[in-house]
Each structure stands twice: as C-alpha cells, then as structure tokens.
Amino acid sequence: MPEAPDLEVIREYLTARTVGVEISAASVIKPSVLRSLAGDFASDIAGRTVVGIDRRGKFLMFRLSGDRLLVANPMLTGAFQYCAPKERVFKRTCLTLSLSDGNEVRYLDDRQMGRLYYATPDQLGDIPGLEEQGPDVLDDFSFDEFRDRLRRFHGEIKGVLTRGRVISGIGNAYVDEILFESQVYPFRKRKALSTEELRGIYDSSRRVVEEAVPVLRSRMGDKIHVKVRDFLKVHNKGGSPCPRCGNTISQITANKRITSYCRRCQPGMLIGAT
Ligand SMILES: [Zn+2]
C-alpha cells in the first residue's frame, strides 16, 4: 500500500533509471488492471520515451513522449519492480514494460485492486480519484487552507485524513504516524478538535513524510517492490511499547484497516462524544 514516502522513493529510483529511455514493448499479463483511454496500449506505447515521472498524492504518473501518460493508482496492493528480464516473474506481475536498455519495469498487484491508466494529458479528468485529491502532503499549502478543506468533511479524524481529500499522499499507515506525532486520538470527531490540535496535525503531516523518505531510500535500495514499514513508531506496532511513554500501543481493526495508537499519548474514548 504505497503512500507518499514509498512513492517518492520509487519515483526517484525510476526517474534515475528510466527517464530518456525508450519503451520498446509492453506486455499485459492481467488486463483487469489496465484502462487504456488512448488507443491500443501495447502498440501505442511501443517506441515512446519516458520523459519524466511525477507523483500526485497516491498516484504515480509516467510522462511519455508524444503526449501520453501512464498513470498508476496502486491502491492497497500495487507495486513497481525494476529488474533485468531474466529475474523471476512473480505471480502477481500484471504488466511489463520492456525498455530499450534491456531492463524491465513491472507492475505487481496480488489482489489487482490498483489501476494503470494510459491516457493523453487532456484525459486526466477521466481518471477516477485523481483530481478529487487534496493538495499533496509535500506541496506548500497554508494552515488556513488545510483548516478550510478539513471543514468540509465530517467524522473521525483518522478516516477524514485517510481518504486523501484534505491532504493527499497519506493513507492508513502514515495517518497513524501523524496522529501519534500530534498526540491526537484517531477516533476524535473532526469537529471536536481545537485549533492547536489541528495545527499539530498540519505540522506533523509534512514532517512525518519527509523523515520517512531517507529511511525508505536506504532500506529499499533496489527492491522498490518491497514494502518497508517496520521503522514506523506506532502503525502496526500493537502490543509494543510506545516510543514516547512506554505504554503498550493499542491496535484496533475496523473495516479491514488497522489503527494503532497510544492510549496515554493520544487520549480519548472509543465510543461517545469525544
Ligand atoms: Zn505513549
């Protein structure tokens, strides 16, 4: 489940290796992940060069020569692999781009929840979820803008932030980290949060992501398809001691999503008007 820090590292890695390189062929192994809005994918993409790679929230966008984009929304289970063709092809490989320098970029997705969109720049509006995202967590946006955007959404702060409409690029794991840093109980109602608490969330969101990037860069190395999360402070650390106070970290699973937090550092009541 790549979020902004993972995707930043993947973007940097693939930018260094694929920009300026031609895609000589594409092979679609699992067509359900692909939506081609710009003609027959395999024949149209062949011969195009990678011009640049951008990230917008949780989307990765390959800009290709001749006004084409390959936009990936990896959702929960998508990943990218960069390797030589002789590397074993994982069962979860859905699509392969063969590069003219002899390497391959593969899109992996064991549950095929993610999507790849092949589009022209004026078709970006047709890509579900892309333009509804809030400003990227690493973009410059003011606290007032953050607070104004947040006002449009109701419910528990964890859910509001995870949906990506207020700030994009953060999901289940990094929202847990941000709420831990700002010492806000994940199930607090957005409306119940003070300006000071909102300021804390705003400040920690960028910081948590910026701090994760160098850790991931060194830990992932060439294995950009491997998810590294064990260095996080609370997410998925239920039962371990809180790194701030030593109390045991609580972990709750709701709607198949884990929420991890420290009851002492992030006080609140699970049910009731908190
Ligand atoms: Zn604690």
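**Fold, sheet and helix packing in the predicted model**

Of the 274 residues of the chain, 38% count as buried. The model is predicted. Its secondary structure comes to six helices and 11 strands. The radius of gyration is 20 Å. A compact globule of 274 residues would have a value near 19 Å, so the chain agrees with that expectation. Taken along the principal axes, the C-alpha atoms fill a box of roughly 55 × 35 × 30 Å. Among contacts with a separation of 6 or more, 64% join residues 24 or more positions apart.

Four strands form an open sheet. Their order is S1-S7-S8-S6, and the pairing is antiparallel. Strand S1 (23-28) and strand S6 (78-83) stand at the edges. Each has a single partner strand, so one side of each is left without a neighbour in the sheet. From one strand to the next, the twist averages 15 degrees. Within this sheet, strand S7 (residues 93-99) and strand S8 (residues 104-109) run antiparallel and are joined by five bridges. Leu97 has Val105 of S8 as its bridge partner. Helix H1 packs on the sheet and touches S6, S7 and S8. The direction of H1 makes about 35 degrees with that of S6.

Strand pairing was also examined in two hairpins. Strand S3 (residues 50-56) pairs with strand S4 (residues 59-64) in the antiparallel sense, over six bridges. Arg56 is bridged to Phe59 in S4. Two residues lie between S3 and S4 in this hairpin. Gly57, in the turn, has a positive phi of about 60 degrees.

The other hairpin is formed by S10 and S11. Strand S10 (residues 249-254) and strand S11 (residues 257-262) pair in the antiparallel sense, with six bridges between them. The bridge partner of Ala254 is Arg257 in S11. Two residues separate S10 from S11. In the turn, Asn255 has a positive phi of about 50 degrees.

Helix H6 packs against H1 and against H3. The axes of helix H1 (residues 4-18) and helix H6 (residues 195-220) come within 8 Å and cross at roughly 50 degrees. H1 is therefore oblique to H6. The crossing is right-handed. On the H1 side, the contact is made by Ala4, Pro5, Asp6, Glu8 and Val9. H6 contributes Val209, Ala212, Val213, Leu216, Arg217 and Met220.

For H3 and H6, the axes are 10 Å apart and the packing angle is about 110 degrees. Angles of 65 to 115 degrees count as roughly perpendicular. H3 and H6 are therefore roughly perpendicular to each other. Their crossing is right-handed. Phe143, Phe146, Arg147 and Leu150 of H3 make the contact with Leu198, Arg199 and Tyr202 of H6.

Two loop residues were considered individually. Gly129 lies in the loop between strand S9 (115-119) and helix H3 (143-151). It has 15 other C-beta atoms within 10 Å. A residue is buried at 20 or more such atoms and exposed at 12 or fewer. Gly129 is therefore partly exposed. Ser168 is 39 residues from Gly129 in sequence. In space, the two residues are 11 Å apart, C-alpha to C-alpha.

Arg229 lies in the loop between H6 and S10. With 17 other C-beta atoms within 10 Å, Arg229 is partly exposed. Leaving aside its neighbours within four places in sequence, Arg229 is in contact with Ala173, His235 and Asn236. The C-alpha atoms of Arg229 and Ala212 are separated by 9.6 Å. Along the chain, Arg229 and Ala212 are 17 residues apart. Ala212 is also one of the H6 residues in the contact with H1.

Note on methods:
Residues are numbered from 1 along each chain as its sequence is written. This is a predicted model: local features need pLDDT of at least 70, side-chain atom pairs count only at pLDDT 80 or more; totals for chains, interfaces and linings use all residues. The radius of gyration is taken over C-alpha atoms; the globule rule is 2.2 Å times the number of residues to the power 0.38. Two residues are in contact if their C-beta atoms, placed from the backbone, lie within 7 Å. Two strands pair if DSSP finds at least two bridges between them. Axes are lines fitted to C-alpha atoms, for helices over the stretch in contact, and angles run from 0 to 180 degrees between N-to-C directions. Angles under 35 degrees count as roughly parallel, over 145 as roughly antiparallel, 65 to 115 as roughly perpendicular and the rest as oblique. A crossing is left-handed if the near helix is turned anticlockwise from the far one by less than a right angle, and right-handed if clockwise.
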